[in-house]
Amino acid sequence: MARWSAGGLVPLAATGAVLAALPWVVGTGIYSLRITTLMLIQITYAVAFNIVFGHTKQLFLCVGALAGSSAYLSVILVRDLRLAPAVAIGLGTLAAGALGALLSYVAARRGLGVIFVGIVTLVVSLIFQNLLLGLRRYTNGETGIVTQGLGVGLAGAATAGYYVFLAVLLAALCLYRWLIAGRPGLAFGALSEDELTAELAGIDVTRYKVLAAAIGAGLIGLTGALFADFNGFISPSVFSLAHVDIVVLIALLLGGVRTLLGPVVGGAAFALIDELVRPFGQATVLAYGVLLIVLFLAFRQGLVPTLRRKVRVPLP
């Protein structure tokens with residue numbers, strides 16, 4: 001099976017082994033585990049965003065809204081309807097996937113380009129934030145919801161939480177590889193080059209765009225719902241554009257678009273930069289910006305493609 005050849009499994013196994021050992025390298029304290037777990041969450045968002053934006057050129061600037069919609073829905077279903085947390089998380093994931101598929105279908109049928117898809121999804125993010133504030137009877141508005149006791153028990157279990165999110169990330173990477181190595185990957189490659197040519201070649205562009213969006217949004221929704229449990233608290237600012245979408249976009253561009261390991265390398269680099277500039281206090285944003293500019297100038301195509309070309313390492 002070409003999709004699961006030994007050569008294809010080695011990077012996944014190596015990534016899993018490195019990330020599994022990471023807590024024992026950086027420390028197993030509460031703070032270290034929280035930082036590394038948040039890194040895994042951002043990387044998983046970036047893997048999903050890579051499927052949607054990297055391979056089908058759908059600039060979804062609503063990653064935070066998709067994650068937040070699943071998180072809020074799962075928490076409210078458990079709190080108000082007494083559903084089992086696992087069932088509520090599953091429903092939240094399905095809702096996020098359906099929302100992503102709907103956005104993709106409308107954009108594809110209307111023939112919206114990359115920029116217009118970005119504008120439409122940006123508006124969706126703003127609407128989502130306003131809905132959270134307007135529906136305060138259910139969401140508590142800007143004060144948010146304490147989610148402890150409303151999930152599967154990740155809050156307060158730092159080590160278990162880390163490995164749950166590592167399992168989700170590895171499953172996401174396997175799903176990514178399975179998609180890209182198969183027929184969907186061929187269709188994604190064709191439509192990302194030229195949609196008209198792909199259609200003339202018999203590829204159902206709308207179908208494959210919606211497929212990518214549904215899978216990516218569902219993955220974002222699952223991660224968002226689990227994050228709500230792990231974090232112990234959710235509020236509109238937790239899922240804002242600045243806290244989620246900008247970080248995910250930078251991590252993907254920094255690591256390398258349309259690569260298996262790009263989101264992993266980019267997400268890890270972003271987390272490391274975040275920790276390095278933290279001591280700068282009020283000058284953090286300035287130091288942060290300078291470091292990112294230097295990295296983007298040095299690695300214009302992303303870290304993974306640059307290392308692949310200069311060091312001649314066959315990174316996927």
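**Exercise 1. Which helix gives the most to the lining of the second largest pocket?**

Solution. Start with the terms. A pocket is an open set of points on a 1 Å grid over the protein atoms alone, where a 1.4 Å probe fits, with protein on both sides within 12 Å along at least five of seven lines; lining residues have an atom within 4 Å of a point. Helices are DSSP runs of H or I with at least four residues, and strands are runs of E with at least two, numbered from the N terminus. The model is predicted: local features need pLDDT of at least 70, side-chain atom pairs count only at pLDDT 80 or more, and totals for chains, interfaces and linings use all residues. Residues are numbered from 1 along each chain as its sequence is written, and side-chain values use heavy atoms, with hydrogens and water left out.

H2 gives the most, with five residues.

**Exercise 2. What is the volume of the second largest pocket, and how do the residues of its lining divide?**

Solution. A volume is the space filled by probe spheres set on the grid points, which are joined across faces, edges and corners. The second largest pocket comes to about 280 Å³. Its lining includes Leu22, Tyr31, Met39 and Glu275. Count Ala, Val, Leu, Ile, Met, Phe, Trp, Tyr, Cys and Pro as nonpolar, Asp, Glu, Lys and Arg as charged, and the others, Gly among them, as polar. The division is eight nonpolar, two polar and one charged.

**Exercise 3. Which residues are closest to the centre of the largest pocket, and which helix gives the most to its lining?**

Solution. The largest pocket holds about 670 Å³ of space. Of its 25 lining residues, Leu38, Gln42, His243, Val247 and Asp274 are closest to the centre. Helix H2 (30-56), helix H10 (205-231), helix H11 (241-255) and helix H12 (262-277) each supply at least two lining residues. H2 gives the most, with eight. By class, the lining has 16 nonpolar, five polar and four charged residues.

**Exercise 4. Is Ser240 buried or exposed, and what is it in contact with?**

Solution. Ser240 sits in the loop between strand E2 (233-234) and H11. Buried means under 20% relative accessible area, exposed over 50%, and partly exposed in between (1.4 Å probe, protein chains only). At 16%, Ser240 is buried. A polar atom of its side chain lies 3.1 Å from the backbone oxygen of Ser237. Taking contact as heavy atoms within 4.5 Å, and leaving aside neighbours within four places in sequence, Ser240 is in contact with Gln129 and Asp245.

Key: A polar contact is a pair of N or O atoms within 3.5 Å; within protein, one must be able to donate a hydrogen and the other to accept it, and residues adjacent in sequence count only if both atoms are side-chain atoms.
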